[in-house]
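User: I'd like to learn how to read a few features in a structure like this one. Can we start with the ligand?

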Amino acid sequence: MKQKLIITIFGATGDLTARKLLPALTKLNKDRLIEEQTKIICIGRRDYDHASYLDSVRKIYPDNQDLDRIKPNIIYFNMSIEKQTDYFKLKELIDDESFEDTRKIYYLAVGPDLLEVISKNINASHLIEKKDINSSIVFEKPFGQDLESAKAINELLWGYFDEKQIYRIDHYLGKEMIQNILTVRFANKIFEDSWHNNSIKSIKYIVKETDGILNRGGYYDTSGALKDMVQSHLLQMLALVSMDVPKSYQSDDLKEEKVNVLKRIRYDKESLIMGQYEGYLNEKNVNKESKTETFVFLKAFVDTPRFKGVPMYLLTGKKLDIKESVIIVEFEETAEQHKWHFPLKTNKLYIKIAPQDGISLALNSKVPGLSDDVESVELEYCIACNSVGNMPEAYEKLLLDITKYHKRLFTRWDEIEYSWQLVDEIKQDFVASSKSLVTYKNFDELKKLIKEKTNEVF
Ligand SMILES: NC(=O)c1ccc[n+]([C@@H]2O[C@H](COP(=O)([O-])OP(=O)(O)OC[C@H]3O[C@@H](n4cnc5c(N)ncnc54)[C@H](OP(=O)(O)O)[C@@H]3O)[C@@H](O)[C@H]2O)c1
């Protein structure tokens with residue numbers, strides 16, 4: 001029998017709840033992966049009843065027919081996030097719905113400014129007791145604005161909750177190919193044996209978007225690409241690709257190895273390019289003199305015996321040529337290179353994260369037919385093309401893991417700490433340098449600049 005489950009969502013009138021969390025819970029319910037009677041307590045400050053709340057969700061929810069499935073599981077609870085007495089009323093509702101071993105999850109789908117007040121009130125109203133392993137708190141990135149604020153948030157959380165009860169979400173870790181990185185690396189001898197600086201020439205981590213900041217000016221202008229993308233998604237990708245063999249695949253053993261990488265990253269100051277797309281200053285809720293970057297490129301190194309000397313390129317930005325998230329592992333030329341009459345291309349492994357998950361491997365092969373020419377060919381595995389039915393979304397996997405107390409796909413404090421240390425250093429170096437933001441119209445201009453600085457083609 002599945003454990004009784006109550007999920008309480010703060011910020012349930014927001015985009016994340018309607019677009020990601022409720023659809024993920026519907027799918028888990030449909031697939032019978034969570035208990036059928038699971039209660040989803042949706043908290044909002046708006047004066048809705050059950051029907052009008054669902055009407056508001058329907059406007060954003062991707063598939064409206066689906067929503068009907070979990071209609072009976074949803075309870076809309078109108079309360080003020082600041083008022084402690086309201087938390088006691090919430091506790092009465094949750095107590096009425098629960099048994100002794102009910103799994104209780106409190107999901108903060110709100111901006112980081114509300115984290116403190118909600119955590120404090122959850123603690124004061126005994127919604128979560130430190131010793132109660134069945135109760136957990138989940139919160140979203142951004143984990144602070146810099147190392148100092150992240151430390152302060154963390155201290156606060158540790159004051160109220162036990163580390164075992166805390167789930168820090170970076171939804172990238174729930175993506176299919178991100179989960180697959182360790183399998184591709186460690187379950188395949190051909191890769192594991194060549195996954196080091198003798199065989200790998202360079203690694204590129206690329207997350208490109210074609211959109212601008214859409215309607216998120218208020219948030220984005222205080223953040224920028226470095227804090228919004230590099231601190232979380234890109235450094236997590238780099239840690240998974242560069243880490244050493246873990247003692248086991250248990251959460252803490254994996255994290256030890258990821259942290260060993262994160263604390264050994266060194267970046268090349270000369271390579272740094274920060275850009276802002278033309279027209280950014282006219283976006284809604286953006287300061288007219290904003291110096292916020294919408295593009296970052298840098299070359300880094302991981303000073304571990306495995307990867308010492310291998311350049312790792314990080315690139316992310318908005319309003320670029322295509323929407324794509326990919327890791328490109330380029331292998332060294334073969335020692336036989338000079339014996340060939342034809343120029344050989346290097347082998348490249350593409351770990352494709354979005355828009356379509358998959359892997360492809362570029363190899364040299366003889367051109368079919370009578371000639372001896374060589375061409376580069378690609379072996380391709382497209383995950384979505386081969387799966388039956390829809391692929392699970394990242395939030396489905398992450399929510400399911402929380403219900404099962406699995407912490408592998410959630411970040412531990414020290415991962416965040418070392419990521420912020422690097423990001424703060426880059427930010428400070430940039431401000432202290434005489435460099436200025438590059439205003440760009442398109443990706444071609446940036447590609448040219450990168451080529452000039454590093455000789456790398458993107
Ligand atoms: N949306 C996504 O796809 C996504 C993806 C990854 C991470 N995140 C993160 O998830 C968090 C929520 O994002 P979101 O996109 O859902 O934001 P959102 O659409 O702006 O929703 C914010 C929610 O917080 C509530 N809220 C704001 N101020 C409040 C206050 N003073 N008192 C009570 N409630 C308050 C809002 O209530 P009202 O409706 O009454 O204003 C709303 O329910 C953010 O930290 C974001 O960075 C979001």
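Predicted model: local features only at pLDDT ≥ 70, side-chain atom pairs only at ≥ 80, totals over all residues.

User: Which ligand atom lies 2.9 Å from a polar side-chain atom of Arg45?

Analyst: An oxygen atom of the ligand sits at that distance from Arg45. The protein covers 72% of the 900 Å² of accessible area that the ligand has on its own.

User: What about Thr13 and Leu16: which part of each residue is involved?

Analyst: For Thr13, an N or O atom of the side chain is 2.6 Å from a ligand oxygen. For Leu16, a polar backbone atom is 2.8 Å from an oxygen of the ligand.

User: How many residues surround the ligand, and how do they split by class?

Analyst: There are 18 residues around the ligand, and the closest include Thr13, Asp15 and Arg46. By class, the shell has eight nonpolar, four polar and six charged residues. Helix 1 (residues 15–30) gives the largest share of that shell, with three residues.

User: Next, the annotated site. Which residue does UniProt list as "active site"?

Analyst: The record, an unreviewed entry, lists His233. In the model, His233 lies in helix 10 (residues 225–242).

User: Is His233 buried or exposed?

Analyst: Buried means under 20% relative accessible area. His233 has 3%, so it counts as buried.

User: Which residues is His233 in contact with, leaving aside its neighbours within four places in sequence?

Analyst: They are Lys141, Asp170, His171 and Tyr172. With Asp170 there is a side-chain to side-chain polar contact at 2.7 Å.

User: Now the backbone. What should I expect in general?

Analyst: Most residues other than glycine have a negative phi, and most peptide bonds are trans.

User: Where are the cis peptide bonds you'd point to?

Analyst: One joins Lys141 and Pro142, with omega about 10°. Pro142 is in the loop between strand 5 (135–140) and helix 6 (147–160). Another runs from Ala354 to Pro355, with omega near 5°. Pro355 is in the loop between strand 12 (348–354) and strand 13 (358–366).

User: And what is the phi of Asn285, and of Lys319?

Analyst: Asn285 has a positive phi of about 65° without being a glycine. Asn285 is in the loop between strand 8 (265–277) and strand 9 (295–302), and it is exposed at 54% relative accessible area. Lys319 has a positive phi near 55°. Lys319 lies in the loop between strand 10 (312–317) and strand 11 (324–331), and its 37% relative accessibility makes it partly exposed.

Conventions: Residues numbered from 1 in each chain as written. Heavy atoms only, no water. UniProt positions renumbered as here; feature names shortened; annotations may be inferred. Helix = DSSP H or I, 4+ residues; strand = E, 2+ residues; numbered from the N terminus. Buried < 20%, exposed > 50% of the residue type's maximum accessible area, 1.4 Å probe, protein only. Contact = heavy atoms within 4.5 Å. Polar contact = N/O pair within 3.5 Å; in protein donor to acceptor, adjacent residues only side chain to side chain. Near = heavy atom within 4 Å. Areas by Shrake-Rupley, 256 points an atom, 1.4 Å probe, with all protein chains shown as cover. Nonpolar A, V, L, I, M, F, W, Y, C, P; charged D, E, K, R; others polar.
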